[in-house]
Amino acid sequence: MKGKEMKFAKLLSVMLLGIMLVTSVSFGQSIPSGTARYEALGYNPFIKDASIDINRNPAWSTVYKNYLFGDLGRDQVTGTQYELTEQWAGANFGLSKEIALGLVLNKYEDSWTDFGRTNTYNVQRPVVPLKVLFGWQLSPKFALGLAPYYAGWSTEYDSTGVTQKWNSSSLGATLGLLSKLEGGWIEGAVDVKTNKFKYDQTVGTTNNIWENEGGLQMDVFARGFFTANKNLGINLVPYLNFAMYSWNPTSTPVAAGGYNKYSHMSFMGGLGVNMPVLDNGLLAGGLSFGYHSYEDKQDVAQSTYKYTEFVLPQFNLGIEWPFTEWLTGRAGYSRSVSSTKSENTLVATTWSWKGTGVSDSKQTITCGFGLDFNRFNLSGTVGERLFKEGFYIMTGKTNDLFGVLSASYNFGK
(Lines give C-alpha, C1' and ligand atoms only; values in the text may rest on other atoms or scores of the structure.)
Protein backbone atom coordinates (compact mmCIF):
# COMPACT_ATOMS: atom_id res chain seq x y z
CA MET A 1 0.00 0.00 0.00
CA LYS A 2 2.86 2.42 0.74
CA GLY A 3 4.13 2.04 -2.84
CA LYS A 4 0.70 2.88 -4.25
CA GLU A 5 0.41 5.88 -1.94
CA MET A 6 3.81 7.20 -3.02
CA LYS A 7 2.92 6.79 -6.73
CA PHE A 8 -0.36 8.60 -6.13
CA ALA A 9 1.48 11.43 -4.33
CA LYS A 10 3.94 11.75 -7.26
CA LEU A 11 1.04 11.87 -9.73
CA LEU A 12 -0.62 14.62 -7.72
CA SER A 13 2.65 16.55 -7.61
CA VAL A 14 3.00 16.42 -11.40
CA MET A 15 -0.62 17.53 -11.84
CA LEU A 16 -0.14 20.43 -9.44
CA LEU A 17 3.07 21.50 -11.16
CA GLY A 18 1.21 21.66 -14.45
CA ILE A 19 -1.61 23.62 -12.85
CA MET A 20 0.83 26.14 -11.37
CA LEU A 21 2.44 26.61 -14.79
CA VAL A 22 -0.97 27.28 -16.31
CA THR A 23 -1.85 29.78 -13.58
CA SER A 24 1.21 31.82 -14.43
CA VAL A 25 -0.37 32.78 -17.74
CA SER A 26 -4.07 32.77 -16.79
CA PHE A 27 -6.12 35.11 -14.67
CA GLY A 28 -9.02 34.22 -12.42
CA GLN A 29 -10.00 33.75 -8.83
CA SER A 30 -9.11 30.77 -6.71
CA ILE A 31 -11.66 28.99 -4.50
CA PRO A 32 -9.77 27.84 -1.38
CA SER A 33 -11.11 24.59 0.05
CA GLY A 34 -10.16 21.21 1.47
CA THR A 35 -9.40 19.30 4.65
CA ALA A 36 -6.54 21.68 5.56
CA ARG A 37 -8.82 24.73 5.46
CA TYR A 38 -11.61 22.94 7.35
CA GLU A 39 -9.30 21.81 10.16
CA ALA A 40 -7.45 25.13 10.36
CA LEU A 41 -10.81 26.85 10.91
CA GLY A 42 -11.61 24.64 13.90
CA TYR A 43 -13.32 21.66 12.23
CA ASN A 44 -16.11 24.11 11.60
CA PRO A 45 -19.58 22.94 10.46
CA PHE A 46 -20.66 26.57 10.02
CA ILE A 47 -18.41 27.43 7.07
CA LYS A 48 -18.92 26.97 3.34
CA ASP A 49 -16.12 24.95 1.73
CA ALA A 50 -16.24 23.74 -1.86
CA SER A 51 -14.34 20.48 -1.33
CA ILE A 52 -16.13 19.51 1.91
CA ASP A 53 -19.55 20.50 0.55
CA ILE A 54 -19.24 18.65 -2.78
CA ASN A 55 -18.12 15.42 -1.09
CA ARG A 56 -20.89 15.59 1.49
CA ASN A 57 -23.63 16.72 -0.90
CA PRO A 58 -23.15 16.20 -4.68
CA ALA A 59 -25.77 18.87 -5.45
CA TRP A 60 -22.99 21.41 -4.79
CA SER A 61 -21.33 20.15 -7.98
CA THR A 62 -23.78 22.42 -9.85
CA VAL A 63 -22.27 25.42 -8.03
CA TYR A 64 -18.53 24.62 -8.26
CA LYS A 65 -18.22 23.67 -11.92
CA ASN A 66 -14.87 23.30 -13.71
CA TYR A 67 -13.03 22.81 -10.45
CA LEU A 68 -10.13 20.56 -9.41
CA PHE A 69 -9.73 19.79 -5.71
CA GLY A 70 -8.09 17.31 -3.36
CA ASP A 71 -5.66 16.65 -0.52
CA LEU A 72 -1.93 16.28 -1.10
CA GLY A 73 -1.96 14.36 2.17
CA ARG A 74 -1.54 14.27 5.91
CA ASP A 75 1.80 14.02 7.68
CA GLN A 76 2.53 10.50 8.99
CA VAL A 77 1.84 10.07 12.69
CA THR A 78 4.33 7.22 12.79
CA GLY A 79 7.08 6.15 10.41
CA THR A 80 9.10 8.33 8.09
CA GLN A 81 8.39 12.05 8.16
CA TYR A 82 8.73 12.24 4.37
CA GLU A 83 5.54 10.28 3.71
CA LEU A 84 2.01 11.62 3.43
CA THR A 85 -1.21 9.64 3.89
CA GLU A 86 -4.86 10.09 2.91
CA GLN A 87 -4.17 11.54 -0.54
CA TRP A 88 -7.13 11.93 -2.87
CA ALA A 89 -8.14 14.03 -5.87
CA GLY A 90 -11.37 15.18 -7.49
CA ALA A 91 -12.48 17.00 -10.63
CA ASN A 92 -15.87 18.47 -11.49
CA PHE A 93 -16.83 19.68 -14.97
CA GLY A 94 -19.76 21.74 -16.22
CA LEU A 95 -21.07 19.88 -19.27
CA SER A 96 -23.81 22.45 -19.76
CA LYS A 97 -25.63 25.16 -17.86
CA GLU A 98 -27.75 22.50 -16.13
CA ILE A 99 -25.47 19.44 -15.94
CA ALA A 100 -22.26 18.83 -13.98
CA LEU A 101 -20.21 15.63 -14.05
CA GLY A 102 -17.19 14.78 -11.96
CA LEU A 103 -15.02 12.13 -10.34
CA VAL A 104 -13.36 11.66 -6.94
CA LEU A 105 -10.55 9.10 -6.62
CA ASN A 106 -8.98 7.47 -3.56
CA LYS A 107 -11.12 9.23 -0.93
CA TYR A 108 -12.26 6.77 1.73
CA GLU A 109 -15.83 7.42 2.88
CA ASP A 110 -16.70 4.01 4.33
CA SER A 111 -16.67 2.95 7.99
CA TRP A 112 -14.26 0.02 7.77
CA THR A 113 -11.81 1.53 10.23
CA ASP A 114 -14.54 1.77 12.89
CA PHE A 115 -15.00 -2.00 12.92
CA GLY A 116 -11.67 -3.73 12.36
CA ARG A 117 -12.90 -7.19 13.27
CA THR A 118 -12.09 -8.69 9.87
CA ASN A 119 -8.37 -8.79 10.71
CA THR A 120 -8.97 -12.19 12.31
CA TYR A 121 -9.40 -13.56 8.78
CA ASN A 122 -6.74 -11.34 7.11
CA VAL A 123 -9.38 -9.49 5.13
CA GLN A 124 -8.19 -6.03 4.07
CA ARG A 125 -10.09 -2.79 3.73
CA PRO A 126 -11.41 -2.15 0.18
CA VAL A 127 -8.90 -0.05 -1.77
CA VAL A 128 -8.91 2.76 -4.38
CA PRO A 129 -12.40 4.16 -3.76
CA LEU A 130 -14.14 5.59 -6.82
CA LYS A 131 -16.95 8.14 -6.60
CA VAL A 132 -18.81 9.64 -9.57
CA LEU A 133 -20.36 13.10 -9.20
CA PHE A 134 -23.54 13.99 -11.06
CA GLY A 135 -25.35 17.31 -10.59
CA TRP A 136 -28.53 18.55 -12.23
CA GLN A 137 -29.75 22.16 -11.98
CA LEU A 138 -33.49 21.64 -12.35
CA SER A 139 -34.28 25.34 -11.98
CA PRO A 140 -32.44 28.51 -10.93
CA LYS A 141 -33.38 27.76 -7.31
CA PHE A 142 -33.21 23.96 -7.09
CA ALA A 143 -30.50 21.37 -7.80
CA LEU A 144 -30.12 17.61 -7.31
CA GLY A 145 -26.97 15.55 -6.99
CA LEU A 146 -26.08 11.86 -7.07
CA ALA A 147 -22.70 10.29 -6.22
CA PRO A 148 -22.30 6.48 -6.60
CA TYR A 149 -19.38 5.07 -4.57
CA TYR A 150 -17.42 1.81 -4.90
CA ALA A 151 -14.28 0.32 -3.39
CA GLY A 152 -13.12 -3.30 -3.62
CA TRP A 153 -10.32 -5.71 -2.80
CA SER A 154 -9.69 -9.44 -3.37
CA THR A 155 -6.91 -12.03 -3.35
CA GLU A 156 -6.67 -15.81 -3.75
CA TYR A 157 -4.30 -18.57 -2.70
CA ASP A 158 -4.13 -22.11 -4.12
CA SER A 159 -1.99 -25.09 -3.18
CA THR A 160 -2.45 -28.86 -3.17
CA GLY A 161 -5.66 -29.54 -1.24
CA VAL A 162 -6.03 -25.94 0.00
CA THR A 163 -7.90 -23.01 -1.56
CA GLN A 164 -8.35 -19.65 0.12
CA LYS A 165 -10.23 -16.60 -1.19
CA TRP A 166 -10.57 -13.21 0.43
CA ASN A 167 -12.62 -10.25 -0.76
CA SER A 168 -14.15 -7.06 0.59
CA SER A 169 -16.22 -4.24 -0.87
CA SER A 170 -18.10 -1.04 -0.14
CA LEU A 171 -20.95 -0.03 -2.41
CA GLY A 172 -23.41 2.82 -2.11
CA ALA A 173 -24.34 6.33 -3.12
CA THR A 174 -25.10 9.82 -1.85
CA LEU A 175 -28.24 11.67 -2.89
CA GLY A 176 -28.35 15.40 -2.25
CA LEU A 177 -30.41 18.51 -2.90
CA LEU A 178 -29.74 22.23 -2.73
CA SER A 179 -32.46 24.87 -2.72
CA LYS A 180 -31.97 28.63 -2.86
CA LEU A 181 -34.38 30.70 -0.80
CA GLU A 182 -35.06 34.39 -0.38
CA GLY A 183 -32.10 35.47 1.70
CA GLY A 184 -30.35 32.10 1.95
CA TRP A 185 -30.40 28.42 1.06
CA ILE A 186 -31.02 24.96 2.50
CA GLU A 187 -29.38 21.64 1.69
CA GLY A 188 -29.91 17.99 2.50
CA ALA A 189 -28.04 14.77 1.74
CA VAL A 190 -28.52 11.06 2.43
CA ASP A 191 -25.56 8.69 2.13
CA VAL A 192 -26.09 4.90 2.21
CA LYS A 193 -23.43 2.23 1.83
CA THR A 194 -23.12 -1.52 2.38
CA ASN A 195 -19.80 -2.96 3.55
CA LYS A 196 -19.11 -6.63 2.87
CA PHE A 197 -16.31 -9.09 3.50
CA LYS A 198 -15.89 -12.81 2.78
CA TYR A 199 -13.22 -15.38 3.54
CA ASP A 200 -13.77 -18.71 1.75
CA GLN A 201 -11.49 -21.59 2.79
CA THR A 202 -11.48 -25.14 1.40
CA VAL A 203 -9.16 -27.77 2.90
CA GLY A 204 -9.60 -31.11 1.19
CA THR A 205 -13.35 -31.60 1.03
CA THR A 206 -14.15 -29.27 3.96
CA ASN A 207 -15.38 -25.80 3.13
CA ASN A 208 -15.78 -22.93 5.62
CA ILE A 209 -17.01 -19.41 4.88
CA TRP A 210 -16.68 -16.39 7.14
CA GLU A 211 -18.58 -13.27 6.12
CA ASN A 212 -20.80 -10.52 7.49
CA GLU A 213 -24.50 -9.79 7.46
CA GLY A 214 -25.72 -6.22 7.24
CA GLY A 215 -22.71 -3.94 7.12
CA LEU A 216 -25.08 -1.03 6.49
CA GLN A 217 -24.00 2.54 7.13
CA MET A 218 -26.18 5.61 6.69
CA ASP A 219 -25.53 9.31 7.11
CA VAL A 220 -28.16 12.06 6.89
CA PHE A 221 -27.13 15.73 6.84
CA ALA A 222 -29.20 18.91 6.63
CA ARG A 223 -28.07 22.53 6.86
CA GLY A 224 -29.44 26.02 6.30
CA PHE A 225 -27.89 29.40 5.62
CA PHE A 226 -30.17 32.36 6.37
CA THR A 227 -29.40 36.07 6.27
CA ALA A 228 -30.13 37.66 9.67
CA ASN A 229 -28.66 41.11 8.98
CA LYS A 230 -28.09 42.05 5.35
CA ASN A 231 -26.13 45.24 6.09
CA LEU A 232 -23.59 43.46 8.31
CA GLY A 233 -23.69 40.24 6.31
CA ILE A 234 -24.62 38.15 9.36
CA ASN A 235 -25.98 34.68 8.52
CA LEU A 236 -27.48 32.06 10.82
CA VAL A 237 -26.37 28.48 10.10
CA PRO A 238 -28.34 25.61 11.68
CA TYR A 239 -27.47 21.98 10.94
CA LEU A 240 -28.53 18.43 11.84
CA ASN A 241 -26.64 15.18 11.32
CA PHE A 242 -27.62 11.55 11.92
CA ALA A 243 -25.33 8.57 11.34
CA MET A 244 -25.55 4.84 12.02
CA TYR A 245 -23.60 1.69 11.27
CA SER A 246 -24.01 -2.06 11.92
CA TRP A 247 -21.63 -4.99 11.50
CA ASN A 248 -22.71 -8.59 12.11
CA PRO A 249 -20.15 -11.36 11.38
CA THR A 250 -21.32 -14.93 10.73
CA SER A 251 -20.05 -18.16 9.18
CA THR A 252 -21.05 -21.34 7.37
CA PRO A 253 -21.26 -23.61 9.25
CA VAL A 254 -22.23 -21.40 12.20
CA ALA A 255 -19.80 -21.55 15.11
CA ALA A 256 -21.20 -22.91 18.37
CA GLY A 257 -19.98 -19.87 20.30
CA GLY A 258 -21.87 -17.40 18.11
CA TYR A 259 -20.60 -14.00 17.04
CA ASN A 260 -20.51 -10.46 18.27
CA LYS A 261 -22.83 -7.86 16.75
CA TYR A 262 -21.60 -4.28 16.54
CA SER A 263 -23.61 -1.11 16.06
CA HIS A 264 -23.04 2.62 16.25
CA MET A 265 -25.43 5.60 16.22
CA SER A 266 -24.83 9.34 16.34
CA PHE A 267 -26.91 12.53 16.44
CA MET A 268 -25.42 16.01 16.15
CA GLY A 269 -27.04 19.40 15.68
CA GLY A 270 -26.15 23.00 16.22
CA LEU A 271 -26.61 26.67 15.45
CA GLY A 272 -23.90 29.09 14.40
CA VAL A 273 -23.09 32.41 12.79
CA ASN A 274 -21.23 33.10 9.54
CA MET A 275 -20.22 36.69 8.76
CA PRO A 276 -17.56 38.79 6.99
CA VAL A 277 -14.83 40.51 9.04
CA LEU A 278 -11.63 42.45 8.33
CA ASP A 279 -12.68 43.55 4.84
CA ASN A 280 -12.51 40.25 2.92
CA GLY A 281 -12.21 37.99 5.97
CA LEU A 282 -14.57 35.44 7.49
CA LEU A 283 -15.73 34.69 11.02
CA ALA A 284 -17.81 31.57 11.69
CA GLY A 285 -18.67 29.71 14.87
CA GLY A 286 -21.38 28.23 17.02
CA LEU A 287 -22.53 25.58 19.47
CA SER A 288 -23.47 21.97 18.78
CA PHE A 289 -25.11 19.27 20.88
CA GLY A 290 -25.15 15.55 20.27
CA TYR A 291 -25.51 11.93 21.31
CA HIS A 292 -23.28 8.97 20.40
CA SER A 293 -23.69 5.30 21.21
CA TYR A 294 -21.73 2.12 20.52
CA GLU A 295 -22.81 -1.45 21.30
CA ASP A 296 -21.01 -4.81 21.16
CA LYS A 297 -23.39 -7.70 21.84
CA GLN A 298 -22.77 -11.46 22.08
CA ASP A 299 -26.00 -13.48 22.29
CA VAL A 300 -24.60 -16.92 23.18
CA ALA A 301 -22.37 -15.63 25.98
CA GLN A 302 -25.11 -13.18 27.01
CA SER A 303 -22.61 -10.34 27.19
CA THR A 304 -23.11 -6.72 26.11
CA TYR A 305 -20.83 -3.72 26.15
CA LYS A 306 -22.46 -0.33 25.57
CA TYR A 307 -20.93 3.13 25.50
CA THR A 308 -23.00 6.33 25.37
CA GLU A 309 -21.93 9.95 25.19
CA PHE A 310 -23.87 13.19 25.43
CA VAL A 311 -22.06 16.21 23.96
CA LEU A 312 -23.04 19.22 26.06
CA PRO A 313 -21.91 21.27 24.14
CA GLN A 314 -19.30 21.43 21.37
CA PHE A 315 -17.66 24.76 20.50
CA ASN A 316 -16.38 25.56 17.00
CA LEU A 317 -14.89 28.89 16.01
CA GLY A 318 -12.87 29.92 12.96
CA ILE A 319 -11.50 33.14 11.50
CA GLU A 320 -9.96 33.65 8.08
CA TRP A 321 -8.40 36.87 6.82
CA PRO A 322 -6.17 37.94 3.91
CA PHE A 323 -2.69 39.25 4.75
CA THR A 324 -2.03 40.04 1.08
CA GLU A 325 -3.60 39.17 -2.28
CA TRP A 326 -1.73 35.86 -2.26
CA LEU A 327 -1.52 34.96 1.46
CA THR A 328 -4.44 34.13 3.78
CA GLY A 329 -4.21 33.37 7.49
CA ARG A 330 -6.55 31.06 9.38
CA ALA A 331 -7.14 30.18 13.04
CA GLY A 332 -9.67 27.96 14.76
CA TYR A 333 -10.89 26.69 18.10
CA SER A 334 -12.64 23.38 18.74
CA ARG A 335 -13.55 21.88 22.12
CA SER A 336 -16.39 19.79 23.51
CA VAL A 337 -17.72 18.88 26.93
CA SER A 338 -19.29 15.43 27.21
CA SER A 339 -21.01 13.18 29.70
CA THR A 340 -20.13 9.51 29.16
CA LYS A 341 -21.35 6.17 30.43
CA SER A 342 -19.96 2.65 29.88
CA GLU A 343 -21.89 -0.50 30.73
CA ASN A 344 -20.62 -4.08 30.67
CA THR A 345 -23.24 -6.79 31.21
CA LEU A 346 -22.49 -10.49 31.61
CA VAL A 347 -25.58 -12.68 32.10
CA ALA A 348 -27.32 -10.94 35.04
CA THR A 349 -24.39 -8.83 36.30
CA THR A 350 -23.79 -5.26 35.12
CA TRP A 351 -20.78 -2.97 35.68
CA SER A 352 -21.02 0.72 34.76
CA TRP A 353 -18.74 3.77 34.70
CA LYS A 354 -19.90 7.39 34.42
CA GLY A 355 -18.01 10.61 33.97
CA THR A 356 -17.85 14.11 32.54
CA GLY A 357 -14.87 15.40 30.64
CA VAL A 358 -13.58 17.49 27.77
CA SER A 359 -12.17 16.59 24.37
CA ASP A 360 -8.45 16.10 23.73
CA SER A 361 -6.63 19.40 24.14
CA LYS A 362 -4.06 18.59 21.43
CA GLN A 363 -6.25 19.94 18.62
CA THR A 364 -8.16 22.62 20.54
CA ILE A 365 -6.45 25.52 18.77
CA THR A 366 -5.60 25.14 15.09
CA CYS A 367 -4.18 27.47 12.49
CA GLY A 368 -3.05 27.50 8.89
CA PHE A 369 -2.30 29.45 5.75
CA GLY A 370 -3.63 29.67 2.21
CA LEU A 371 -1.43 30.54 -0.77
CA ASP A 372 -3.19 31.90 -3.87
CA PHE A 373 -1.67 31.93 -7.36
CA ASN A 374 -4.42 33.32 -9.58
CA ARG A 375 -6.75 30.33 -10.00
CA PHE A 376 -4.66 27.94 -7.92
CA ASN A 377 -4.80 27.63 -4.12
CA LEU A 378 -2.60 25.66 -1.75
CA SER A 379 -3.78 25.41 1.86
CA GLY A 380 -2.12 23.84 4.88
CA THR A 381 -2.42 23.50 8.62
CA VAL A 382 0.57 24.54 10.68
CA GLY A 383 2.09 21.71 12.74
CA GLU A 384 2.14 22.31 16.49
CA ARG A 385 5.82 21.39 16.76
CA LEU A 386 6.70 24.38 14.60
CA PHE A 387 5.41 26.74 17.29
CA LYS A 388 7.02 24.73 20.06
CA GLU A 389 10.49 24.29 18.56
CA GLY A 390 10.74 26.89 15.79
CA PHE A 391 12.00 26.83 12.21
CA TYR A 392 14.91 24.62 11.17
CA ILE A 393 16.98 27.63 10.11
CA MET A 394 16.87 28.86 13.72
CA THR A 395 16.81 25.63 15.74
CA GLY A 396 18.41 22.99 13.50
CA LYS A 397 15.42 20.70 14.15
CA THR A 398 13.26 19.21 11.42
CA ASN A 399 9.65 20.16 12.15
CA ASP A 400 6.31 20.15 10.33
CA LEU A 401 5.45 23.37 8.56
CA PHE A 402 2.21 21.82 7.27
CA GLY A 403 0.36 18.93 8.95
CA VAL A 404 -2.26 18.64 6.18
CA LEU A 405 -2.01 19.98 2.62
CA SER A 406 -4.97 20.64 0.28
CA ALA A 407 -4.99 22.09 -3.21
CA SER A 408 -7.58 23.35 -5.68
CA TYR A 409 -7.74 24.94 -9.11
CA ASN A 410 -10.67 26.90 -10.51
CA PHE A 411 -10.66 26.75 -14.31
CA GLY A 412 -14.20 28.08 -14.70
CA LYS A 413 -14.93 31.34 -16.47
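The model is predicted, and local features are taken where pLDDT is at least 70, side-chain atom pairs count only at pLDDT 80 or more, and totals for chains, interfaces and linings use all residues. Residues are numbered from 1 along each chain as its sequence is written, and side-chain values use heavy atoms, with hydrogens and water left out.

The account opens with strand β19. Strands and helices are DSSP runs numbered from the N terminus (E, at least two residues, for strands; H or I, at least four, for helices). Strand β19 spans residues 404-410, and seven of its seven residues are buried, so the strand is largely enclosed by the rest of the structure. Here buried means under 20% relative accessible area, exposed means over 50%, and partly exposed lies in between (1.4 Å probe, protein chains only). In a regular strand, side chains alternate between the two faces of the sheet. Both faces of β19 are covered, with Val404, Ser406, Ser408 and Asn410 buried on one side and Leu405, Ala407 and Tyr409 buried on the other.

Strand β19 also has pairing partners, where two strands pair if DSSP finds at least two bridges between them. Strand β1 (residues 67-75) pairs with β19 in the antiparallel sense over seven bridges, and tyrosine 67 has asparagine 410 as its bridge partner in β19. Strand β18 (residues 376-381) runs antiparallel to β19 and is joined to it by five bridges; glycine 380 is partnered there with leucine 405.

Strand β1 leads on to β3, since five bridges join these antiparallel strands, in the pairing sense defined above. Glycine 70 has alanine 89 of β3 as its bridge partner. Five of the seven residues of β3 are buried, and this strand is mostly covered. Strand β3 in turn pairs with β4 in the antiparallel sense over six bridges, with glycine 90 opposite valine 104 of β4. A hairpin of four residues joins β3 to β4. Serine 96 lies in the loop between these two strands and is partly exposed, with a relative accessible area of 32%.

Beyond β4, aspartate 110 is placed in the loop between β4 (99-105) and β5. Aspartate 110 is buried at a relative accessible area of 8%. Its side chain makes a polar contact with the side chain of arginine 125 at 3.1 Å. A polar contact is a pair of N or O atoms within 3.5 Å; within protein, one must be able to donate a hydrogen and the other to accept it, and residues adjacent in sequence count only if both atoms are side-chain atoms. The side chain of aspartate 110 also reaches the backbone nitrogen of tryptophan 112 at 3.4 Å.

Proline 129 is found in strand β5 (residues 127-139) and counts as buried, at 1% relative accessibility. The C-alpha atoms of proline 129 and aspartate 110 are 9.2 Å apart in space, and the two residues are 19 apart in sequence.

Finally, the second largest pocket has a volume of about 830 Å³. A pocket is an open set of points on a 1 Å grid over the protein atoms alone, where a 1.4 Å probe fits, with protein on both sides within 12 Å along at least five of seven lines; lining residues have an atom within 4 Å of a point. The volume is the space filled by probe spheres set on the points, which are joined across faces, edges and corners. Of the 28 residues lining the second largest pocket, Gln29, Ser30, Pro32, Asn280 and Glu320 are the closest to its centre.
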